[in-house]
Amino acid sequence: MDCAEGLPVLDWIRSQPHLPGTKEGCREGDCGACTVVVGRPGAHGVEYSAVCSCLLPMGEINGCHLVTIEGLTTGDELTPFQQSFYSEGASQCGFCTPGMIMSLTGNLLGTERPSSSTAMESLDGNICRCTGYVAVKRAVDNVMNRFSLKSGQRIESLIEDGHIPPYFSTVEERLKQLPSVTTPNTDSIAVAGGTDIYVRSSEKLSGKNPEFLTRRDDLKFIRKSNGTVEIGAAVTLKQLRESQMLAEILPGLKDFLLKVSSTQIRSRATVGGNIVNASPIADMAVILLALDAAVAVSERSIPLHRFYLGYKKLDMSSGEILTAVSFPVPDSGSVLSSLKVSKREFLDIASVNSSMLFTVEKGVLGSVRLSAGGVAPVPLLLEKTGAFLSGKTISEETINTACAIAVDEIAPISDIRGSSEYKTQLLKAQIRAHITRGPNR
Ligand SMILES: Cc1cc2nc3c(=O)[nH]c(=O)nc-3n(C[C@H](O)[C@H](O)[C@H](O)COP(=O)(O)OP(=O)(O)OC[C@H]3O[C@@H](n4cnc5c(N)ncnc54)[C@H](O)[C@@H]3O)c2cc1C
Ligand code: FES
Ligand code: FES
């Protein structure tokens with residue numbers, strides 16, 4: 001295809017007269033109307049996931065299988081999900097429906113054990129403005145209650161059940177035969193998952209050939225050695241959720257990440273992008289601050305709490321790349337408690353989020369690290385509050401004093417996510433909840 005690598009895939013699809021099914025809604029990753037499925041050659045064959053095509057650059061589908069709603073059927077046959085949506089009245093204007101079908105199919109193609117619950121989870125990035133979700137849930141349950149995968153033969157099994165057409169069985173071979181095309185990145189703009197930069201600068205990037213960090217294998221690893229966990233900057237939030245090693249070290253992380261963006265966004269959003277984007281409520285940054293993380297930039301290792309210099313100001317020069325983030329494996333018995341309050345439970349950024357890493361024995365706190373977002377121009381380590389809490393007996397007085405110290409450490413502003421007073425109260429409530437209720441909600 002003759003276009004700049006930075007062109008959003010959605011714009012290319014919408015310019016093709018024979019591909020009218022993928023819809024353009026918000027262009028910000030929020031509605032899911034533009035959802036497509038991308039199959040990428042991986043270690044275990046073609047690995048599929050649902051993504052928002054409005055935030056996906058064309059350069060990122062080089063050598064991949066791009067599936068739009070038109071690619072799910074041959075002839076006039078409906079897939080089981082399409083048929084079920086039709087039978088259950090789960091589609092009225094139909095604008096959201098192709099995106100929902102793509103998310104559901106992405107779940108069948110890319111989730112280890114697809115079930116009714118993972119199917120509904122896969123719709124966390126799809127918004128319907130007219131039907132409502134009860135009929136959608138009924139339509140999904142109808143299919144998933146009868147669904148089973150024949151083990152080891154996912155593609156064949158899905159073809160047999162009519163979820164995907166027969167050509168899918170030839171895709172792996174066909175991708176291998178594609179000529180490799182490399183376009184030099186002529187523009188010095190780094191794009192990782194694109195889920196932040198494309199919301200801000202989609203038009204500007206459309207004609208550019210940026211540097212795609214997700215192409216760099218040296219930025220894609222999760223490893224543990226000598227008591228330290230190290231995560232490459234281009235690791236996606238989806239990969240964090242899937243990491244068995246992280247699940248053992250941070251048991252609540254997998255569930256907490258369900259509250260970060262949506263399935264489509266997590267498939268693309270990277271850890272490095274979350275840190276560098278420097279949003280004051282960046283969920284990963286807040287968690288990593290509590291974990292005492294350090295970032296690797298060029299040859300330097302910088303404690304994460306020193307990396308943020310001011311609103312969107314970083315200890316990093318333009319053109320530098322953050323390559324990895326690392327943190328000490330928490331002592332056994334440590335608890336990482338993470339909380340997030342937002343206007344919607346899913347697919348929303350926080351009004352206030354916070355994380356606390358601590359131990360507690362017989363009602364006495366060990367060492368405490370507390371971080372919070374939405375209460376300052378940067379994701380903040382509350383050093384004084386953490387220092388105060390360390391070694392204290394849990395009591396009403398301890399909690400009240402900790403809250404008073406925290407109030408002195410923060411400077412929340414009133415904005416669309418709540419007044420400064422509301423955010424202050426949220427943080428106090430979260431500190432209390434971390435201490436009294438334990439981990440990960
Ligand atoms: C619908 C939606 C919901 C969202 N919900 C949440 C949420 O709940 N919580 C949350 O925290 N965030 C949320 N986000 C924000 C965003 O998805 C995350 O911050 C994400 O982790 C950004 O990563 P990325 O790889 O997509 O960054 P990109 O968009 O690729 O990059 C962001 C910026 O960082 C730079 N950059 C990226 N990686 C590096 C690197 N390694 N070195 C140097 N520079 C780099 C880029 O040049 C760019 O300026 C949401 C976004 C959307 C669209
Ligand atoms: S157009 Fe709304 S998520 Fe892409
Ligand atoms: S059916 Fe109209 S937006 Fe969902």
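At what angle do helix 17 and helix 18 pack, and how far apart are their axes? This is a predicted model, in which local features need pLDDT of at least 70 and side-chain atom pairs count only at pLDDT 80 or more, while totals for chains, interfaces and linings use all residues. Residues are numbered from 1 along each chain as its sequence is written, chains are lettered from A and ligands numbered from 1 in the order in which they are written, and side-chain values use heavy atoms, with hydrogens and water left out.

Helix 17 (residues 396-409) and helix 18 (residues 420-437) pack at about 140°, and their axes are 10 Å apart. Helices here (H or I, at least four residues) and strands (E, at least two) are DSSP runs, numbered from the N terminus, and the axes are lines fitted to C-alpha atoms, for helices over the stretch in contact, with angles running from 0 to 180 degrees between N-to-C directions. That angle makes helix 17 oblique to helix 18, since angles under 35 degrees count as roughly parallel, over 145 as roughly antiparallel, 65 to 115 as roughly perpendicular and the rest as oblique. In contact, which means heavy atoms within 4.5 Å, Glu 396, Ile 399, Asn 400, Cys 403, Ala 406 and Val 407 of helix 17 meet Thr 424, Leu 427, Lys 428, Ile 431, Arg 432, Ile 435 and Thr 436 of helix 18. These contact residues divide into seven nonpolar, three polar and three charged, where Ala, Val, Leu, Ile, Met, Phe, Trp, Tyr, Cys and Pro count as nonpolar, Asp, Glu, Lys and Arg as charged, and the others, Gly among them, as polar.

A second pair involves helix 2 (residues 80-87), whose buried residues are Phe 81, Gln 82, Ser 84 and Phe 85; buried means under 20% relative accessible area, exposed over 50% and partly exposed in between, with a 1.4 Å probe and protein chains only. Seen down the axis of helix 2, these buried residues fall within an arc of 165°, so they line one face of the helix, the arc being that of the directions from the helix axis to the C-beta atoms. On the other side of helix 2, Tyr 86 and Ser 87 are exposed. The cover over the buried residues of helix 2 includes helix 3 (97-110) and helix 5 (134-144).

Helix 2 and helix 5 pack at an angle of about 135°, with axes 9 Å apart, and are therefore oblique to each other. Their contact is made by Pro 80, Phe 81, Ser 84 and Phe 85 of helix 2 with Val 136, Ala 139, Val 140, Asn 142, Val 143 and Met 144 of helix 5. The residues of this contact divide into eight nonpolar, two polar and no charged.

Ala 119, in helix 4 (residues 116-121), is buried, with a relative accessible area of 0%. Leaving aside neighbours within four places in sequence, Ala 119 is in contact with Leu 104, Asn 107, Val 140 and Met 144.

Finally, some backbone angles deserve a look. Just after helix 2, Gly 89 takes a positive phi of about 65°. Ser 261, although not a glycine, has a positive phi of about 50°, and lies in the loop between helix 11 (253-256) and helix 12 (263-266). Leu 347, also not a glycine, has a positive phi of about 50° and is found in the loop between strand 13 (335-341) and strand 14 (352-361). Ser 261 counts as buried at 17% relative accessibility, and Leu 347 counts as buried at 7%.
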